[in-house]
Amino acid sequence: METYCINGKVLAERYQTQMIEEVAQLSQKPHLAVVLVGDHPASLVYVRHKQACAQRIGIEVELFHLSPIMTEDALIAFIRELNTNPTVDGILVQMPLPPHMRDYRVIDAIDPAKDVDGLTRANLGCLFVGEKGIRPCTPLACMALLQSLDRPLVGLHAVVVGRSRLVGKPLAQLLLEKGCTVTQAHSHTRDLASICRMADVLVSATGMPHLIGASHVKKGAIVIDVGIHKKEDGKLCGDVDFQAIQGIASAATPVPGGVGPMTVTMIFRNLIDMRVKKDLLVSKKMVK
Ligand code: NDP
């Protein structure tokens with residue numbers, strides 16, 4: 001069996017083409033505020049990717065590049081100002097923050113209605129109780145990649161390796177919502193390989209290079225690799241040994257070119273949806 005390569009770049013382009021059309025219909029360009037604290041090299045690259053993607057789609061990105069020695073309270077006060085700024089539709093705080101800041105205290109300062117990453121307690125809470133809310137971008141990206149295969153997910157056994165607030169936990173919820181039976185593995189899981197071999201859908205989000213090899217994959221499984229790791233030669237690799245699972249998995253995402261491009265796309269998908277919702281609220285008020 002040949003392993004089908006799920007091309008995240010091509011899928012992202014397809015999504016973005018649709019989004020360009022949607023943005024052109026809006027009365028105003030959606031406006032995203034990106035808050036970057038300090039000069040973390042990978043963060044600078046990620047922010048540039050987001051700016052380039054936004055420009056393609058027709059979205060306005062305003063970058064606030066702040067000092068790494070500012071206090072956590074000063075950053076929170078800055079975010080609260082963005083919350084009350086009516087021209088800002090969405091706010092994204094680029095991670096990681098400097099070590100003296102608590103990530104989730106900062107994220108929870110974002111107004112849930114402007115939380116484009118869907119990571120505030122309010123939005124994660126909505127996901128966990130099955131209410132409407134903004135869903136986190138990387139888990140959304142994984143779901144879009146899975147759904148691009150056009151195979152029903154209901155009843156499949158999904159194993160998610162990783163249980164972070166950013167990826168593993170919300171992704172497990174999204175898979176549950178789709179009717180999968182979900183097993184969540186983590187660093188204390190015993191005999192990871194045999195747990196993974198139960199999966200019809202295997203998603204790995206650990207950041208451990210090539211943690212997942214041939215012995216972890218059931219014949220015919222779909223494998224989604226969220227992990228990103230920079231090797232000594234500067235090249236990127238994922239959690240999954242992509243070569244080793246060829247001929248075993250029925251489909252798999254590569255790194256790079258899998259989950260990454262779709263994650264960036266989903267930020268803007270969320271932002272457009274938020275903008276449309278805001279416009280709807282305004283037009284309803286005008287009718288009243
Ligand atoms: P975290 O470090 O927050 O979480 C990693 C998770 O992996 C933890 O739950 C940890 O378990 C688990 N883990 C670590 N080692 C093992 C192991 N040997 N066996 C099983 N589980 C293990 O990372 P994130 O969730 O934030 O990110 C995960 C990866 O995804 C990273 O490489 C990150 O760069 C990448 N990423 C990629 C994105 C993209 O767009 N492609 C977006 C976001 C992240 P425990 O909880 O027990 O410690």
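**Entry 1**

I began with Glu22, which counts as partly exposed at 23% relative accessibility. My cut-offs for relative accessible area are under 20% for buried, over 50% for exposed and partly exposed in between, with a 1.4 Å probe and protein chains only. This is a predicted model, so I kept to its limits: local features need pLDDT of at least 70, side-chain atom pairs count only at pLDDT 80 or more, and totals for chains, interfaces and linings use all residues. Residues are numbered from 1 along each chain as its sequence is written, and side-chain values use heavy atoms, with hydrogens and water left out.

Which side chain does Glu22 meet in a salt bridge? I found Arg269, at 2.7 Å from N to O. A salt bridge here is a side-chain nitrogen of Lys or Arg within 4 Å of a carboxyl oxygen of Asp or Glu. Arg269 sits in helix 9 (residues 259–287) and Glu22 in helix 1 (residues 8–25), so this pair links distant parts of the chain, 247 residues apart. Helices (H or I, at least four residues) and strands (E, at least two) are DSSP runs, numbered from the N terminus. Arg269 is buried, at 14% relative accessibility.

I searched the whole structure and got 12 salt bridges. One of them joins the side chains of Asp89 and Lys278, again at 2.7 Å, N to O. Because Asp89 lies in the loop between helix 3 and strand 4 (90–93) and Lys278 in helix 9, the pair ties together parts 189 residues apart in sequence. Asp89 is buried at 4% relative accessibility, whereas Lys278 is partly exposed at 27%.

I also looked up Asp200, whose salt bridge with Lys218 has its closest N and O atoms 2.7 Å apart. Asp200 lies in the loop between helix 8 (192–196) and strand 7, and Lys218 in the loop between strand 7 and strand 8 (222–225), so parts 18 residues apart in sequence are tied together. Both ends are partly exposed, Asp200 at 23% and Lys218 at 30%. Then I noted a network: Glu72, Asp73, Arg102 and Arg105 are joined by salt bridges that share partners.

**Entry 1: the aromatic pair**

I found one aromatic pair in the structure. Phe64 and Phe78 are edge-to-face, 5.2 Å centre to centre with 70° between the planes. For the cut-offs, rings of Phe, Tyr and Trp (its six-membered ring) pair if their centres lie within 6.5 Å; planes under 30 degrees apart are stacked, over 60 edge-to-face and the rest tilted. Phe64 belongs to strand 3 (residues 60–66) and Phe78 to helix 3 (residues 72–84), 14 residues apart. Phe64 is buried at 18% relative accessibility.

**Entry 2: cysteines**

How many disulfides does the whole structure hold? I got zero, taking a disulfide as a pair of cysteine sulfur atoms within 2.5 Å. For Cys5 the nearest cysteine sulfur is that of Cys142, 15 Å away. Cys5 is partly exposed at 36%. For Cys137 the nearest is that of Cys53, 11 Å away, and Cys137 is buried at 2%.

I traced six strands in an open sheet, order 1-11-8-7-5-6, with parallel pairing. Two strands pair if DSSP finds at least two bridges between them. Strand 1 (4–5) and strand 6 (181–185) are the edges, each pairing on one side only. Strand 5 (residues 157–161) and strand 6 are joined by five bridges, and His157 stands opposite Thr181 in strand 6.
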